[in-house]
Amino acid sequence: MQAKAVGLYAGHAISDEKAFEDVTIEVAQPTGRDVLVEIQAVSVNPIDTKQRQTQPATQTPRILGFDAVGRVIAVGDAVTSLMTDDIVYYAGANDRPGSNAQYQLVDERLAALAPKKWAVTAAAGLPLTGLTAWEALFEKLAWQPAKNANAGHSVLIVNGAGGVGSVAIQLAKWAGLTVITTAGQPKTTAWVKDLGADIVLDYHQDLATQLDAHHMSTVDSAILLQSTDAYLPIVAPLMRPLSTIVAVVTNAEPLPMALLKAKSLNFAWEFMFTKADYQLPEMATQGMILAKMAQMADDGILKPTTKKVIDGISAATLKAAHASVETGQMLGKLVLTAPFNA
């Protein structure tokens, strides 16, 4: 079947008229564990902008989009967890056509029923950031994913006002951790406090001095959601010995790992596409995590992090969305809603 989509044929600056193009693509019927989803809303993440910028020249349009909410309109012959007419949400896979199309195929193991009490614009902002935050906190840092289960321990979240940070603060607070985060403006400070941050550090100032003012000399864990190159040397001295630092942002230069040796600090990367990219048995955990977060959303434990909504999905609206995300000043998430109105 044919579908309207927004694609690109090579990497361009967002100001270039060819950064995105309105295209028509063929979408196959689902087989195996795939479901076919009619897209209702998508969000834009930093990975979208990075992959757009670096896209090699191609004859077949690359379709980006790593978050979606939509209605299942057909299922493969091995699907067991979803049915037609289910409203689902997911982040999808890094190596398949994305959600910037009217219809998308996605593996059922990566999807779950969307929150019933949230608008699609709210639900579309959760999958990628929620999965990243959950895996960082409860898989890489190994905190217990249960209410108040980690009381007495702390986590430092660098850049709490962004998409991942906005979810990580809420999950960490629910799990009982003392949440320390960074912000640099009154509006971002207010945002992270509203999400549940206990201590907000001004990233323009020395973090250690500010921690001392709160009678803390070390933290029990850390998640770096801003330049790993810049923050690893800053955060390493703040860590409790034998603790763990998780980084999400790829480094540009060799990292000074020797800084971790004396305290026997652990370092881990978090990349939520790893499970799907390598077709690991653990990829089914992503559907389970999304189901858990959907229930938390419906129970009022999680607040939506969508802060900006653009009506209509087309090359023009996606260019505007990418331009906003590329500023690096976004609070929470940006979402676009169907129809595809090229």
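User: Before we start, what counts as a pocket and what counts as a helix here?

Analyst: This is a predicted model, and its pockets come from a 1 Å grid laid over the protein atoms alone. A pocket is an open set of points with protein on both sides within 12 Å along at least five of seven lines, and a lining residue has an atom within 4 Å of a point. Helices are DSSP runs of H or I with at least four residues.

User: Arg52 sits in α1. Is Arg52 buried or exposed?

Analyst: Buried means under 20% relative accessible area. Arg52 comes out at 1%, so we call it buried.

User: Which residue's side chain makes a polar contact with the side chain of Arg52?

Analyst: Let's look at who is around. Leaving aside neighbours within four places in sequence, Arg52 touches His12, Phe20, His322 and Glu326, among others. One of these contacts joins side chain to side chain as a polar contact of 2.6 Å, and the partner is Glu326.

User: And what is the volume of the largest cavity?

Analyst: Searching the whole structure turns up 1 cavity of 30 Å³ or more. Its lining includes Trp118, Leu126 and Lys303, and divides into 6 nonpolar, 3 polar and 1 charged residues. The volume is about 40 Å³.

Technical notes:
Residues are numbered from 1 along each chain as its sequence is written. This is a predicted model: local features need pLDDT of at least 70, side-chain atom pairs count only at pLDDT 80 or more; totals for chains, interfaces and linings use all residues. Side-chain values use heavy atoms; hydrogens and water are left out. Helices (H or I, at least four residues) and strands (E, at least two) are DSSP runs, numbered from the N terminus. Buried means under 20% relative accessible area, exposed over 50%, partly exposed in between (1.4 Å probe, protein chains only). Contact means heavy atoms within 4.5 Å. A polar contact is a pair of N or O atoms within 3.5 Å; within protein, one must be able to donate a hydrogen and the other to accept it, and residues adjacent in sequence count only if both atoms are side-chain atoms. On a 1 Å grid over the protein atoms alone, a cavity is a set of points where a 1.4 Å probe fits but cannot get out, and a pocket is an open set with protein on both sides within 12 Å along at least five of seven lines; lining residues have an atom within 4 Å of a point. Grid points are joined across faces, edges and corners, and a volume is the space filled by probe spheres set on the points. Ala, Val, Leu, Ile, Met, Phe, Trp, Tyr, Cys and Pro count as nonpolar, Asp, Glu, Lys and Arg as charged, and the others, Gly among them, as polar.
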